[in-house]
Amino acid sequence: MDSYDYLILGAGWGGLTTASLLAKAGYRVAVLEAQDRAGGAGQSFSLDGFSFCAEMQYLMECGPGGVVHEWLTALDLHDEVQFNSLDDDGYDRIDIPGLSFRFPHDAHRLQDRLRQTFPDEQEKIDRVFEVLFAIDAELDGKVFDAKHFLANPLQFKNSALYGPWSVKRVLNHFELSPPLQAVLAGQCGDLGLPPSDEPFFCLKSVLFGYCKSAHFPKKGMGHFVDCVVDYVTAHGGEVHFETPVTAIERDGNRITCVQTPRGQFRARTVVSNIDPATTMAMIPNVSPPTYAQSESCFTVFLGLDIDLGEKGFGRFNVWHFPSVDLDAAIANAVNEHCYDDPFFFFSTPSLYADPGVLAPPGCTTVQINVASSFDYFEEAMRQGTHASEKERVTTEILRAVERQLIPYLTKHCVVRESWSPVDLASRTGLARGGMYGARLDFTNRILRRVWPQTEFENLFLTGATAGGPGLQGVVAAGTKLVDDLLTAEKSADTPS
């Protein structure tokens with residue numbers, strides 16, 4: 001048993017953010033991680049010379065002024081961890097029947113391109129973007145806070161009127177045609193939500209966030225993670241891998257110690273990057289918060305023996321939808337478990353990183369994601385059919401990609417690995433394989449929002465559910481939490 005100033009539970013991005021900043025401030029920090037590597041959804045693994053990242057194919061807020069860039073600058077890692085911008089003229093491509101549309105950087109350019117592509121709907125497009133720009137100005141980069149809104153309702157006119165509405169409801173309200181709706185909502189799979197469930201807030205955040213910054217680490221996500229872990233240990237911190245937390249002991253309103261298979265750990269303050277409901281369930285006589293987890297996904301990792309950069313691909317992702325009915329396309333996979341003609345997300349991370357970092361020369365890494373049901377694959381695991389179902393889904397997805405995008409895909413495949421949602425959960429520690437913690441609909445993200453503060457005076461929460469989704473949301477929340485903790489430390493040390 002050892003004692004620390006701060007004990008961080010989980011080495012996902014929330015845990016790494018808080019641990020690095022607290023170590024920088026000179027505190028004795030220990031991080032407990034159940035897996036054999038750090039990074040959570042952003043962890044990396046290698047197969048036969050190819051390197052893959054679990055679930056992060058492009059990142060926001062990595063350019064100058066962004067929260068990720070500012071965090072790395074504070075750690076003096078901004079020169080070591082640098083980023084390549086995805087294609088300025090089209091970082092995402094939406095494929096629907098009869099149309100391919102690329103999203104450029106800058107929301108004004110996006111608006112202009114939509115007006116050129118859909119000339120008969122220019123006024124409708126302008127009305128939608130008027131609302132998007134208004135919400136962006138009202139929120140000013142902040143997460144929507146229902147308490148702040150209720151105290152200052154006039155400051156959030158557009159956010160209150162349209163933000164909680166679903167994307168589908170807003171786009172129907174402005175009478176956009178089905179193809180235009182499909183293009184404008186085409187990144188909804190990024191959140192694992194169909195347009196009928198995705199809040200208009202989220203559409204604004206995804207569109208404007210990636211329009212400002214769509215980046216990927218030049219040396220890959222694995223190097224990014226390793227740099228932060230090395231920073232923690234170089235500044236006196238400890239990172240204990242394969243050390244799962246099994247119980248959290250309390251004495252009144254204070255946490256006294258954390259139990260693991262390797263013994264007890266104690267600290268003045270505990271910060272948990274473990275799923276909040278899971279965290280609170282490990283404490284005696286505590287009711288965990290109630291919220292639904294975000295959707296999971298099925299992922300196919302491929303190593304190809306050809307350079308797709310010579311075949312027309314580059315630093316952009318492809319969203320393929322079999323029809324303009326995005327709700328039906330997503331439901332077909334998530335609810336019906338049919339993958340013979342799925343919507344899919346196709347990325348080539350080795351083309352985003354510097355040449356030769358993630359794949360051997362002349363080769364390419366590919367990752368294909370399809371929103372999927374954790375419950376379905378968990379039941380397959382219980383029935384003993386998980387392996388066969390995983391093979392079926394993999395085969396159907398690859399056949400669909402060959403029909404719709406790359407006819408020669410499997411012929412050039414030299415490395416292949418598939419993760420079901422159950423695999424994703426076990427490999428990364430994500431609760432139920434949820435890509436963003438709490439489900440990103442209005443009920444679970446706003447009305448049931450989980451805050452970093454808990455009923456225990458020395459236990460705080462960080463990560464996607466207790467902060468914001470995506471790397472930028474997690475880093476922003478972790479940075480804010482550390483600022484609050486250090487302010488409290490300074491106040492306690494100041495004589496009254």
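## Worked exercises on a predicted model

The protein chain has 18 helices and 18 strands; these are DSSP runs, helices being H or I with at least four residues and strands E with at least two, numbered from the N terminus. This is a predicted model, where local features need pLDDT of at least 70, side-chain atom pairs count only at pLDDT 80 or more, and totals for chains, interfaces and linings use all residues. Residues are numbered from 1 along each chain as its sequence is written, and side-chain values use heavy atoms, with hydrogens and water left out.

### Exercise 1. The whole chain

Solution. 
- Step 1. Along the principal axes, the C-alpha atoms fill a box of roughly 70 × 55 × 50 Å.
- Step 2. Of the 496 residues, 57% count as buried. Buried means under 20% relative accessible area, exposed over 50%, and partly exposed in between (1.4 Å probe, protein chains only).
- Step 3. Take contacts (heavy atoms within 4.5 Å). Among those with a separation of 6 or more, 72% come from residues 24 or more positions apart.

### Exercise 2. Helix 2 against helix 18

Task: describe how helix 2 and helix 18 cross, and name the residues that meet.

Solution. 
- Step 1. Two packed helices are described by the angle between their axes and the distance between the axes.
- Step 2. Axes are lines fitted to C-alpha atoms, for helices over the stretch in contact, and angles run from 0 to 180 degrees between N-to-C directions.
- Step 3. The axes of helix 2 (residues 67–74) and helix 18 (residues 470–493) come within 9 Å and cross at roughly 50 degrees. That makes helix 2 oblique to helix 18. Under 35 degrees counts as roughly parallel, over 145 as roughly antiparallel, 65 to 115 as roughly perpendicular and the rest as oblique.
- Step 4. From helix 2, Val67, Val68 and Trp71 meet Leu471, Gln472, Val475 and Ala476 of helix 18.
- Step 5. Sorted by class, this contact of helix 2 with helix 18 has six nonpolar, one polar and no charged residues. Ala, Val, Leu, Ile, Met, Phe, Trp, Tyr, Cys and Pro count as nonpolar, Asp, Glu, Lys and Arg as charged, and the others, Gly among them, as polar.

### Exercise 3. Helix 16 and what follows

Task: find which residues of helix 16 are buried and what covers them.

Solution. 
- Step 1. Six of the eight residues of helix 16 (residues 421–428) are buried, so this helix is largely enclosed by the rest of the structure.
- Step 2. They are Pro421, Val422, Asp423, Leu424, Ala425 and Thr428.
- Step 3. Their cover includes strand 13 (296–304), strand 16 (364–372), helix 14 (374–383), helix 15 (386–404) and strand 17 (413–419).
- Step 4. Arginine 432 sits in the loop between helix 16 and helix 17 (442–447). Its phi is near 55 degrees, a positive value in a residue other than glycine. Arginine 432 is partly exposed, at 37% relative accessibility.

### Exercise 4. Glutamate 33

Task: is glutamate 33 buried or exposed?

Solution. 
- Step 1. Glutamate 33 lies in the loop between strand 2 (29–32) and strand 3 (44–47).
- Step 2. Its relative accessible area is 8%, so glutamate 33 is buried.
- Step 3. Leaving out residues up to four places away in sequence, glutamate 33 touches Gly10, Ala11, Gly12, His240, Phe241, Glu242, Thr243 and Pro244.
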